[in-house]
Amino acid sequence: MIGCAATVLLRGVTAPVHGAGLFSVIADGTSDISRCEQLLVSLRYENGSNIDEVFVGFVPMMVQNAEAIATAIKRKVVDLYLDLHNIVGQGYDGASVMSGRKNGVQALIRRDYPNALFVHCQSHCLNFSICSSCNVREVQAVHTTIADACDHFAHSSVRTFQLSESVQQNNNAGKMNTNKTKQKGYCPTRFVEGAETVFTFIKLYLALLEYFERRREMASSTR
């Protein structure tokens, strides 16, 4: 039953890829909780004036050399009833087994399908850049401040309500213009979630300043 449901779902999500004709393959490796190495496969295709991406599944990898990975990718594409000759792009990380010019996965696939140009995955490059930036002292200080602010509101409905009141007052006064009323939680590992937290912090910055200034004044008056 689960297998049938998976087949129906895959047909649905890959239907636009069939309609687009040409597509690119994106793949990366990951280990599950049982320490089984699996290959994550996604497809990128043109949808009107947009470029869309769809995840099509995990492939267990008992052998992790270039030939085995290239074979697994091609088999996955064939299982989806897609034409391998329609592959016009490949996106992997910079590991030699994937990006090697002569014997990497991209080279092995291009031998049979020369239109499948390889581009170092930009998300992977962005991930490296973000990781490097986190070693900058000033960046670390900013993230520490945002994380502390998130922790301050995380377990208190009263504090969250007081912040939302400050946001509303600033919106009414024309000092702010946002529909955000509370600080989003901080996630130190998922960069997409972390970015959204930073964006929310910036939008609520004035209200946060006023909130913490009132807290400081209240603490000083009770001493």
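1. In helix 4, the residues Val105, Gln106, Ala107, Leu108 and Ile109 are buried. The model is a predicted one, and the points below should be read with that in mind. The buried residues of helix 4 pack against helix 2, strand 4, helix 3 (96–99) and strand 5 (117–120), and two of these partners, helix 2 and strand 4, are taken up in the next points.

2. Two packed helices are described by the angle between their axes and the distance between the axes. For helix 2 (residues 66–79) and helix 4 (residues 105–112), the angle is about 55 degrees and the axes lie 8 Å apart. The two helices are therefore oblique to each other, and helix 2 passes helix 4 in a right-handed crossing. On the side of helix 2 the contact involves Ala66, Glu67, Ile69, Ala70, Ile73 and Lys74, which meet Val105, Leu108, Ile109 and Asp112 of helix 4. Of the residues in this contact, seven are nonpolar and three are charged, while no polar residue takes part.

3. Strand 4 (residues 87–92) contains Gln90, a residue that counts as buried at 3% relative accessibility.

4. Helix 7 contributes Arg159, Gln162, Leu163, Ser166, Val167 and Asn170 to the contact, and helix 9 contributes Leu206, Ala207, Leu208, Glu210, Tyr211, Arg214 and Arg215. The residues of this contact divide into six nonpolar, three polar and four charged.

5. Asp52 has its place in strand 3 (residues 50–60). Is Asp52 buried, partly exposed or exposed? With a relative accessible area of 24%, Asp52 is partly exposed, because the range for that class begins where burial, defined as under 20%, ends. A polar contact of 2.7 Å joins the side chain of Asp52 to that of Asn47. Apart from its neighbours within four places in sequence, Asp52 is in contact with Leu43, Arg44, Tyr45 and Asn47. The C-alpha atoms of Asp52 and Phe23 are separated by 10.0 Å, with the two residues 29 apart along the chain.

6. The backbone of Tyr81 deserves a separate remark. Most residues other than glycine have a negative phi. Tyr81, however, has a phi near 60 degrees, a positive value in a residue other than glycine. Tyr81 lies in the loop between helix 2 and strand 4, and at 68% relative accessibility Tyr81 counts as exposed.

Key. Residues are numbered from 1 along each chain as its sequence is written. This is a predicted model: local features need pLDDT of at least 70, side-chain atom pairs count only at pLDDT 80 or more; totals for chains, interfaces and linings use all residues. Side-chain values use heavy atoms; hydrogens and water are left out. Axes are lines fitted to C-alpha atoms, for helices over the stretch in contact, and angles run from 0 to 180 degrees between N-to-C directions. Helices (H or I, at least four residues) and strands (E, at least two) are DSSP runs, numbered from the N terminus. Angles under 35 degrees count as roughly parallel, over 145 as roughly antiparallel, 65 to 115 as roughly perpendicular and the rest as oblique. A crossing is left-handed if the near helix is turned anticlockwise from the far one by less than a right angle, and right-handed if clockwise. Contact means heavy atoms within 4.5 Å. Ala, Val, Leu, Ile, Met, Phe, Trp, Tyr, Cys and Pro count as nonpolar, Asp, Glu, Lys and Arg as charged, and the others, Gly among them, as polar. Buried means under 20% relative accessible area, exposed over 50%, partly exposed in between (1.4 Å probe, protein chains only). A polar contact is a pair of N or O atoms within 3.5 Å; within protein, one must be able to donate a hydrogen and the other to accept it, and residues adjacent in sequence count only if both atoms are side-chain atoms.
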